[in-house]
Amino acid sequence: MGNSQNREIRSLIVSGDEKFAVGYYKEALILFHQAVEKIADIEPKSKCINQNLADLYRRIAYTYFNSQKYKIANEFCSKSYQCATLINDKLRMAYCIDIYGHLEKVWDQYEEALHDYQLGLKYKIDTVTDDDSTIVHSYNNIASIYYAMGKYHEALIMMNQCLKLQLKLTGEDNLQVATLHYNIGDIYEGIKKYDVALFMFEKALKIQTTLLGGNDNHVAETYRKIAMVLSLQHKDSDAITAYQQSLDIHLKTLGEDNLTVASTYKNLAKLYHVQKKYDDAILLFYKALKIQTEILGANHNYTTDIYCSIGCIYQAKLQFKNALRYHQKSLNILLQTPDENRSEIAKSYQKLAATCHSLGRFDEALGAYTEALKITIAKFGEDHVYVAALYSKIGKVYYSMKNYKDALDVHQKALKIRTHHHGEYDKQVTKSRNEIARIYAMLDNEHNQALIVLKKSLQLQLNCYGKNNSNVASTYIDLAYIYIADKDYENAVAMCKEALGISLKLPMDENNQYVAECYYNLGSIYALRSQFQESINMYQKCIKARKEVEDEGSNIVAMTYSEIATVYRLQHLYDDAIKMYQTSLEIYLQLTPFNHEIGYIYNCLGYCYESICNYADALSMYKKSLHIYQEVDGTDSAAAAEVYGSLAYTYRLQGKYDEAISSYDKSIKIRMDRKSLHEDQIKTYLSLINQTDMQELSSDKALMCDKLSRVLAEQVEETDTAITTKKILPDIEVDNCNRGECQDLNS
């Protein structure tokens, strides 16, 4: 090989190494391939050339590996191994065997990876001395596999051997020592000894900043690990600071278009999700998504996690149509490789099902939950807690459909599995019993059975936990629901007060949910009993309890303001009602522009303005309500028909009879299509639109309005009307961010 050619090849390799070091893998590959082409042109193939080719092929394999292109990485690793075998270079063969181990680790083939790492160690021991740095790498590889297999004790033994040997070789102030501190911290993180993990990461960081300065990728990566541990300790603000430090360094050293930067954006977004800073979270998820799709392609499995996370945020914001779109994108990508992603596909189906449930698309929700159930049973068997969790979710859909027979059947299946695994006193068992009680409460002549089930559940809990327990408080609340359904308000109040007394004694992180729910239900009961001031007092206490946990911007608080407004409205205190509805509306609009509750509040505001003869604002509110319902449910929903009736009445009060007649006509036609009018109402309407009748009434449009309004006087009650005031705090199908994952199969 000529000196000039040798220098050119060397220059390409050095440049490729520099690009590789900062994560510019495409550019590194171009340079390495150019070097290979130049070496390949040289004849004859000497030992030196085979060594160079082995090293270059190995570099290319590592670059493809870091780009998640594992098949191609495997191909070039094999080429490197062949070159090393031709010259019987055991050390280079060992390096290739290490790459095989890395690939097997990625593919979850841990036993095979462990075998290869141990074989690589044997080849190295045959070639170098016991205290060579390559031996340290093998110990580290073996420790990582033990860690992946959950053998943390063995992993720590191997890692401490690494550290001892490395300290002997280099002393404390060495980057390899920093790496080993980092890896030991990783193991302690895995066994949830977070304080020890942080201590090790901070030791690594100190060495790295001393040797490399503050703007190095290794420093950035250690900040990122510190942030992860802080997040696991629920120190979210500190975690965000550490992630930001990592991000600032990576943006300087790697630039925006890098997978590591995308990963940090994603982790920051998840923390913002936890803090309910939804818009900030979505912005960062979009940044991460843009980077990943440009580097890996739009349909890479890595993008599914981001699509799912964005879907979860839209679910939390009550923007269910947007949530559905992103959950469907995530599922579609996973379904392209079904054999590799069975568990993830099951979780994705559950996300999709929960969103369909929230949208009232119950058949689609059942279909998605059924797919998840098939996968889960195939993997875990029928008698597994994950299966029970899915039965419970399916039961809730049937309950929403008022199909109480099937709801009861699947909840009983869930109860049987949970009781078998957890015994009588488990929280999940209590949940199943309480769900069954709620179903009995909806069945004629079964309210006593509901009370029997709940009282049995309560007695078991009292025997197991004593009185001051969150499970006991929850069951008292469920008993209150049954008594409310029976209009037994005295007992309902007694149950809520029992639950409240317990909840106030619970730790702060447990009690606010139950305290707020108790106050809310007491407010609802007092409103039903026309004890309006007591009702308002309870609702205000509910809001205060939510604010104490920094939840004043949630849909529950918005709903409570709406209930206070309704209490004022029932007393004809319309100015006070308007103020409370507007406060509720401001909170809802920060969460989502389109939601049933927003449509309901606009409708109530319309009624209030109409009642104080402010017809212009009344019409404006009704039109906004109509727009919301049409966006959420379509143009032919029961809610839309109701709002058309309200618009017609307001136009009529203004003497705008043409507009009133048009609105009445739209309302009636929707109700006819939905079969929510009696036959005599339909006959009356058809006679009114008969040509003779129209001519007769054309001179007296007020009379026409009067007759049309009578058609609507008695309509069949519909199950999906969105213009009724809720009186019990509802179960809301919203995914809460679960620190790193959206939801577990058993959530």
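**Reasoning about helices and loops**

Modeller: In this predicted model, the cover over the buried residues of helix α20 includes α19 (385-400) and α21 (427-442).

Colleague: Which residues of α20 are buried?

Modeller: Y404, A407, L408, V410, H411, A414, L415, I417 and R418 are buried in α20, since buried means under 20% relative accessible area.

Colleague: Why do residues three or four places apart point the same way in an α-helix?

Modeller: An α-helix has 3.6 residues a turn, so residues at that spacing point the same way.

Colleague: What backbone angle is found just after α20?

Modeller: G423 follows directly and adopts a positive phi of about 85 degrees.

Colleague: What makes α3 and α4 roughly antiparallel?

Modeller: Helix α3 (residues 47-66) packs on α4 at an angle of about 165 degrees, and their axes are 8 Å apart. Angles over 145 degrees count as roughly antiparallel, and α3 and α4 are therefore described in that way. Their crossing is left-handed.

Colleague: Which residues of α3 and α4 meet, and how do they divide by class?

Modeller: From α3, the residues in contact are N50, L53, A54, Y57, R58, I60, A61, Y64 and F65. From α4, they are Y70, I72, A73, F76, C77, K79, S80, C83, A84 and L86. By class, this contact of α3 with α4 holds 15 nonpolar, 2 polar and 2 charged residues.

Colleague: Why is N88 called exposed?

Modeller: N88 has 57% relative accessibility, and exposed means over 50%, so N88 counts as exposed. N88 lies in the loop between α4 (70-86) and α5 (90-106). Although N88 is not a glycine, its phi is positive, at about 55 degrees.

Colleague: What makes H572 count as exposed?

Modeller: The relative accessibility of H572 is 55%; the cut-off is over 50%, so H572 counts as exposed. H572 sits in the loop that lies between α27 (555-570) and α28 (574-591). H572 is not a glycine either, yet it has a positive phi of about 65 degrees.

Colleague: How do you know that α5 is roughly parallel to α7?

Modeller: The packing angle of α5 and helix α7 (residues 133-148) is about 15 degrees, with their axes 11 Å apart. Angles under 35 degrees count as roughly parallel, so α5 is roughly parallel to α7. The two helices cross in a left-handed manner. Y95, D98, H102 and K105 of α5 make the contact with T134, S138, N141, S144 and I145 of α7. This contact of α5 with α7 comprises 2 nonpolar, 5 polar and 2 charged residues.

Colleague: Why is α33 called roughly antiparallel to α35?

Modeller: Helix α33 (residues 679-688) packs against helix α35 (residues 701-711) at about 155 degrees, their axes being 9 Å apart. Because this angle is over 145 degrees, α33 is roughly antiparallel to α35. The crossing of α33 past α35 is left-handed. Q681, T684, Y685 and L688 of α33 form the contact with M704, K707, L708 and V711 of α35. In the contact of α33 with α35 there are 5 nonpolar, 2 polar and 1 charged residues.

Technical notes: Residues are numbered from 1 along each chain as its sequence is written. This is a predicted model: local features need pLDDT of at least 70, side-chain atom pairs count only at pLDDT 80 or more; totals for chains, interfaces and linings use all residues. Side-chain values use heavy atoms; hydrogens and water are left out. Buried means under 20% relative accessible area, exposed over 50%, partly exposed in between (1.4 Å probe, protein chains only). Helices (H or I, at least four residues) and strands (E, at least two) are DSSP runs, numbered from the N terminus. Contact means heavy atoms within 4.5 Å. Axes are lines fitted to C-alpha atoms, for helices over the stretch in contact, and angles run from 0 to 180 degrees between N-to-C directions. Angles under 35 degrees count as roughly parallel, over 145 as roughly antiparallel, 65 to 115 as roughly perpendicular and the rest as oblique. A crossing is left-handed if the near helix is turned anticlockwise from the far one by less than a right angle, and right-handed if clockwise. Ala, Val, Leu, Ile, Met, Phe, Trp, Tyr, Cys and Pro count as nonpolar, Asp, Glu, Lys and Arg as charged, and the others, Gly among them, as polar.
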